[in-house]
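Visitor: I am new to this structure and would like to learn how to read it. Please show it to me, and then I will ask about it.

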Amino acid sequence: MKEFLEGSRAVAEAVKLCKPGVISAYPITPQTHIVEELAQMVADGELKSQFINVESEHSAASVVLGALACGVRAFTATSSQGLFYMAEVLFNIAGLRLPLVMTCTNRSISAPINIWNDQQDSVSLRDCGFIQLYAENNQEAVDFHLMAYRISEDKSIMLPTMVCMDGFILTHGMESVDMPEQEKVDKFIASYKALYKLDTANPISMGLLADPDYYLETRFAIQETFKDLLKFIPKVSEEFKSNFGRDYKDCLVEEYYTKDAEKIIVAMGSVCGTIKEVVDELRAKGKKVGLLKIISFRPFPYSRVYEILKDAPRVAVLDKAVSLGAYAPLAVEIKAAFFGKKKSPKVISSFIAGLGGRDITLDSVREVFRKLTQREVSLEFIDLKPELLREEYGE
Amino acid sequence: MENNPLFKPGHTGCAGCGQSMAARLVIEAAGANTIVVNNTGCLEVFTTRYPESAWGVPWIHSLFENAAAVASGVEAALIYLGKKDTTNVIAQAGDGGTADIGLQALSGMLERGHDVLYVCYDNEAYMNTGIQRSGLTPFDTNTTTSPVGKASVGNIRQKKPMPEIANAHGIPYVATCSVGYPQDLQRKVKKAISIKGPKYIQIHVPCPLGWRHESNLTYQIARLAVETGLYPLFEYESGKLAAVRKIQPKPVEEYLKTQGRFKHILNNPEELKKVQGVADNNIQKYNLREESPSS
């Protein structure tokens, strides 16, 4: 049923449909609306979950870790500094092969402190062993949470998923969302059955010390599962389509007018909506431009990227995060997809935009297309204010 | 269960390890219907080196500082599953994992009122990493990060009052124990398990390597700590001091001289006086002195 909802409300409704037994969270802007909605659902008796208010994000992640270890489905949500404070526990959850589903409402990282959107938080945690899916709009945010539980809890996967949605832009934005029906969700996501759990009837030990004779294989096993995920995520997307009607294709990437495009922007998250508008506008003027949206940043779909971009003359990668002192995070992946391959775009330029909530406007996207020339550029910042730079350096 | 002890032999703990003795006493008192959440530390390392485990109960280790939070999640899951009334949850850690890095998670668990028994095995320093000072290291102790030198007589602080901090949360039960008093220890664990809500038990466990004593003296040294008043045994019930183990106090030298970590103050009357002051303060505060029959 279509409803006009705030993004956070829509996500809370989606989580409710997935029936987690334990929810734990610590407040941080812009995640708060999601967990407030869930707390109210529990308070109203609509959701039969244990809602645990903790003293930190570190403990929020630890509480859901404990619940999952007992074989109970769990949920948490955070953002920015909160995600970093959780980081140690998130690596641990993945290493323990516990299928947590969490929301990261993307926000910048301090200092300077800034509560607005970019993707530095989740992108910085790309190595923690979580599947990372980036939503363009609130419908995707809802649907990706459903798919996340289906993917994470499958016996062949048993890895956690972080659904990333841009803070404020999506979390506080009102959109029309088609909310799935409970019966269909129950059919799509079976009740969680853990492979191993803490149970006095069958005592096992979890989280053992693995010395150099054993550690390496545990990391290898996760890496192998991430390879499997490149086939499994499309399978779940297909299941999703047959249950709910919405088609995310392989759910690894989305192509928007890429087939004959001479200039393609690669990006993640809500900015893709803005880019689509500019693509429409330029296509109407006969310009061959397109967008490649990355949905799954982990696992990273290198071969799909290669197939889609190999004949494109010019590619611009738009990062909403930086790896200070190095190439931009998404740009690195895109360039890596072509290393040692027969074909490659002639130009792969890298742009940084939108850090700390600086609006990426239609004009910003037009500028990226304009600056995507024969001359490859790297780490080109869009929408810098020259007057502020002068002030900073006293020119 | 006769052939499946809850804490099995064959682990890699040191000879004379007080923590391994106490851990066995705790889990045997708590029984098979118990889930244990363990912080990182000696106990975790020497009992669960893959592919072996000493534990005959469901057991999980996550990180150094989060056993109390993980145990909160375990308890919440058991409530959700309708199994809490038949299952005990124990969170356990060393003194550093409790009083320093794990204090925030512990405080959160106590404040939220989870039905969990938290056990702190207090061997008075970070032994797993090589005898570094913790918040529960006693005054004047020689450790690798509070070393004795020309300008130092060891650790400059007294032990952080962890039992009092736990008690200040308004929880129903707080107790101190010693591995030198195993029956007292097991009685307190059983009592704690029988009470609903958060419970805190702190157990004094000598460490032959870190304290530098002979490995056959663990039990005697643990008793001397109690008998001198340096490690008072007491119970708080619903916030009130309910019971103490009475002693006829022995001079602190009798305890200090058994261990290399205090060797540097044995001929230092001024420092000995200060340590005796710590014991005297405990004796007065908890009213430890046994009324002698003659007086």
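Visitor: What is the mean pLDDT of chain B, and what percentage of its residues reach 70 or more?

Guide: pLDDT is the predictor's confidence in each residue, from 0 to 100. Where pLDDT is low, the predicted coordinates should not be read in detail. In chain B the mean is 97, and 98% of the residues reach 70 or more. The model as a whole scores ipTM 0.96 and pTM 0.97. This is a predicted model, in which local features need pLDDT of at least 70 and side-chain atom pairs count only at pLDDT 80 or more, while totals for chains, interfaces and linings use all residues. Residues are numbered from 1 along each chain as its sequence is written, and chains are lettered from A and ligands numbered from 1 in the order in which they are written.

Visitor: How many helices and strands does chain B have?

Guide: Helices (H or I, at least four residues) and strands (E, at least two) are DSSP runs, numbered from the N terminus. Chain B has eleven helices and ten strands.

Visitor: What does the radius of gyration say about chain B?

Guide: The radius is taken over C-alpha atoms, and the globule rule is 2.2 Å times the number of residues to the power 0.38. For 295 residues a compact globule would have a radius near 19 Å, and chain B agrees because its own value is 19 Å. Its C-alpha atoms fill a box of roughly 60 × 45 × 35 Å along the principal axes.

Visitor: How many residues does each chain give to the contact between A and B?

Guide: Two residues are in contact if their C-beta atoms, placed from the backbone, lie within 7 Å. Chain A gives 35 residues and chain B gives 36. On the chain A side, α3(A) brings the largest share, nine residues. That side divides into 19 nonpolar residues, twelve polar and four charged. Here Ala, Val, Leu, Ile, Met, Phe, Trp, Tyr, Cys and Pro count as nonpolar, Asp, Glu, Lys and Arg as charged, and the others, Gly among them, as polar.

Visitor: Which strands are joined by bridges between the two chains?

Guide: Two strands pair if DSSP finds at least two bridges between them. Two bridges join β9(A) to β2 (residues 59-61) of chain B, and these strands run parallel. Met206(A) stands opposite Ile60(B) in β2(B).

Visitor: Into which domains is chain A divided?

Guide: Domain bounds come from an automatic or database domain assignment. Chain A has domain 1 (2-244) and domain 2 (253-393). Their centres, taken over C-alpha atoms, are separated by 27 Å.
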